[in-house]
Structures are given as C-alpha cells and as structure tokens.
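Please look over the protein shown below before reading on.

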Amino acid sequence: MTLITSPESILDITTAAMQSTENERLKTLIISLTTHLHQFVLENQLTELEFEKALQFIVGIGQATGKNTNEVVLAADILGVSSLVSTINNLDLDGGSYAALLGPFWRKNAPLCAWGENISRSNLGGQPIEVRGCIYDEFKKPIAGAIVDVWHSSPVGFYENQDDQQVDMNLRGRFETNERGEFFFTSIRPAGYPVPTNGPCGELLRAQKRHPNRPAHIHFMISKPGYKVLITQVFDSTDTNLDSDPVFGVSKQLVGEYRTDAVSGVCQLNHSFVLQAGEMVFPAPPIP
Ligand SMILES: [Fe+2]
C-alpha cells in the first residue's frame with residue numbers, strides 16, 4: 001500500500017493510478033500533463049485561493065462559451081497554445097506557406113461561390129478588395145479543384161455572427177481553384193478587431209496590460225482530398241499591431257501585401273499557398 005508521505009509523493013501515486021490506461025497515447029499525454037501540473041503547483045507553491053481562482057477561470061471559459069462565441073478556444077489562443085500547436089504541426093515549406101490558428105469564428109458550409117464573386121453581401125461600405133492567389137503542391141505544381149474557404153471581419157472589425165447589420169454568412173465564401181490552381185474573390189477590406197473582452201479572457205488580458213486588438217487579416221482554409229488541410233491567415237502589412245497580436249498568429253510568411261491601386265482605389269492582395277500531401281481532415285467548427 002502506497003500512501004502520501006510528502007507533497008512530492010502525490011505525483012507518483014497519481015501516475016501509478018493511471019498506468020492501466022489502454023490507449024497508449026492517452027496514457028502518455030495525461031501522465032505528462034499531470035506531471036507538469038504537479039511541478040507547476042510545487043514550483044509556485046500555489047495557494048488555495050489561487051487554486052480556486054484557476055478553477056473559476058476554467059469554469060468561466062466554459063460558461064462564457066455559447067452559440068456565437070467560443071471562450072475556450074480564445075483562452076488557448078491568448079496563451080499562445082493554439083499558435084504553438086499549429087506551428088509544430090505544419091512545416092514551413094519552401095514557397096512560404098505557413099499555418100496559423102483557426103480562431104473562434106470559422107463556420108462550416110460557407111456558400112460555394114463563383115470565380116470573382118463578391119462575398120460582401122451586406123451594405124457596409126468600406127474599401128473594395130480583390131484577392132488572388134494560387135495553390136501549389138510541394139513540387140510547385142498548381143492544384144486544380146482545391147477549395148479555398150475564406151472568412152474575415154467587416155471594415156469595422158465584426159464577423160457576421162457578431163453583428164446585426166450583416167446577413168447570415170456575410171464575408172464568408174468557398175472558392176474552387178481553376179485548372180491553373182488559381183482562385184479569385186472580391187470583398188471589402190477587413191479591419192483589425194478586438195478579441196472578445198467581456199469574459200474571463202478579457203479579464204486576464206486587462207490584468208496583463210495587453211491590448212486585445214488583432215491586426216487585420218483574412219482567414220483561409222484550403223483543402224483537397226490527398227492533401228493536409230491548410231488553415232491560415234494573411235495579415236495586412238499596413239497594420240500597426242502586427243507584432244502585438246493578442247493571439248500570436250503572425251509569422252513573417254503570413255504578412256500579405258495589401259496594396260491600394262492608385263487609379264481604381266481598390267485594395268489588391270496576391271497571396272499563394274502550398275499544400276502538403278496528407279490526409280484531408282477538417283477541424284470541428286468552433287461555432288455552428
Ligand atoms: Fe479573425
């Protein structure tokens with residue numbers, strides 16, 4: 001019989017109780033997580049009040065998650081964990097394609113759109129934008145028939161699900177690449193926006209004196225059977241918050257050149273992506 005003899009002994013007793021986990025990967029992950037948690041508590045000599053606060057935070061992010069918001073995803077984002085997972089699982093391929101976190105606003109089944117279609121379906125004003133690019137494989141061969149799923153915020157920084165002024169699925173669309181692997185869509189230029197600050201994550205950001213404003217960006221999710229789904233974002237090169245993104249999404253490779261045409265006044269973005277061969281697996285949508 002092994003009983004507790006010291007604070008440190010609790011870890012051994014706890015992990016011993018987990019040894020018969022059948023799923024090897026689950027066993028490894030939970031034992032590792034438990035070990036890190038125990039070390040964290042010991043290292044910081046966590047007080048009971050602090051422990052209670054931590055549990056309240058976890059309960060709080062669950063309670064703040066609802067139909068249109070996902071505070072749990074946001075918590076992973078503002079702690080840099082989402083960005084870390086996305087970075088270690090996606091190689092930076094020659095050609096500069098890089099992954100970025102999914103974020104809390106992707107919706108499944110955005111409208112399938114025609115070549116060049118305008119995804120700005122509500123009258124919001126703003127600067128028109130034309131977005132073009134090409135999807136390649138690892139050998140620089142264009143991929144025809146890839147689906148480029150895009151979503152972005154309005155010129156004042158709201159996604160349609162956060163804004164009564166916008167129709168359902170506004171500023172969202174799916175485009176298929178042509179035989180040369182190209183895609184083209186039109187919209188209005190997105191603005192940066194604050195991550196939601198009315199829940200426990202906002203409280204944490206305020207305590208850390210961090211601003212909540214994401215640099216302006218367009219989200220992309222690119223897929224085709226036989227390739228790993230590429231989830232990424234392309235950031236506005238003119239945004240002043242590129243190096244202080246509250247969710248740590250910006251890498252050098254993902255800063256896009258948003259250029260305004262002097263004659264037409266239209267913003268133009270050209271950005272291409274590389275897909276890795278692999279299994280096409282979609283993430284669970286953070287909101288329906
Ligand atoms: Fe976003």
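The questions and answers that follow go through this structure by topic. This is a predicted model, in which local features need pLDDT of at least 70 and side-chain atom pairs count only at pLDDT 80 or more, while totals for chains, interfaces and linings use all residues. Residues are numbered from 1 along each chain as its sequence is written, and side-chain values use heavy atoms, with hydrogens and water left out.

Q: How many helices and strands does the protein have?
A: Helices (H or I, at least four residues) and strands (E, at least two) are DSSP runs, numbered from the N terminus. The C-alpha trace spans about 80 × 40 × 30 Å along its principal axes. Counted in this way, the protein has six helices and 12 strands.

Q: What percentage of the residues of the protein count as buried?
A: A residue is called buried under 20% relative accessible area, exposed over 50% and partly exposed in between, with a 1.4 Å probe and protein chains only. Of the 288 residues of the protein, the buried share is 44%.

Q: Which elements give two or more residues to the lining of the largest pocket?
A: On a 1 Å grid over the protein atoms alone, a pocket is an open set of points where a 1.4 Å probe fits, with protein on both sides within 12 Å along at least five of seven lines, and lining residues have an atom within 4 Å of a point. The largest pocket has a volume of about 640 Å³, the volume being the space filled by probe spheres set on the points, which are joined across faces, edges and corners. Of its 15 lining residues, the closest to the centre are L33, L37, F40, A54 and I58. The elements that give two or more residues to this lining are α2 (24–44) and α3 (48–63).

Q: How many residues of the lining of the largest pocket are nonpolar?
A: Ala, Val, Leu, Ile, Met, Phe, Trp, Tyr, Cys and Pro count as nonpolar, Asp, Glu, Lys and Arg as charged, and the others, Gly among them, as polar. Two residues of the lining are polar and two are charged, and the nonpolar ones number 11.

Q: Which residues do ring pairs link into a cluster?
A: Rings of Phe, Tyr and Trp (its six-membered ring) pair if their centres lie within 6.5 Å, and planes under 30 degrees apart count as stacked, over 60 as edge-to-face and the rest as tilted. The structure holds nine aromatic pairs. The cluster linked by ring pairs consists of F105, Y159 and Y193.

Q: Over the face of which residue does R132 lie?
A: A charge sits over a ring if NZ of Lys or CZ of Arg is within 6 Å of the ring centre and within 35 degrees of the ring normal. R132 is placed at 4.2 Å from the ring centre of F184.

Q: How many disulfides does the structure hold?
A: A disulfide is a pair of cysteine sulfur atoms within 2.5 Å. The structure has none, and for C113 the nearest cysteine sulfur, that of C267, is 19 Å away. C113 counts as buried at 13% relative accessibility, and C267 is buried at 0%. The number of disulfides is therefore zero.

Q: Is D137 buried or exposed?
A: D137 is found in the loop between β1 (128–136) and β2 (147–152). Its C-alpha atom is separated by 6.3 Å from that of Q276, 139 residues apart along the chain. With a relative accessible area of 10%, D137 is buried.

Q: What is the phi of K209?
A: K209 lies in the loop between α6 (200–207) and β6 (213–214), and K209 counts as exposed at 78% relative accessibility. Most residues other than glycine have a negative phi. The phi of K209 is positive, near 55 degrees.
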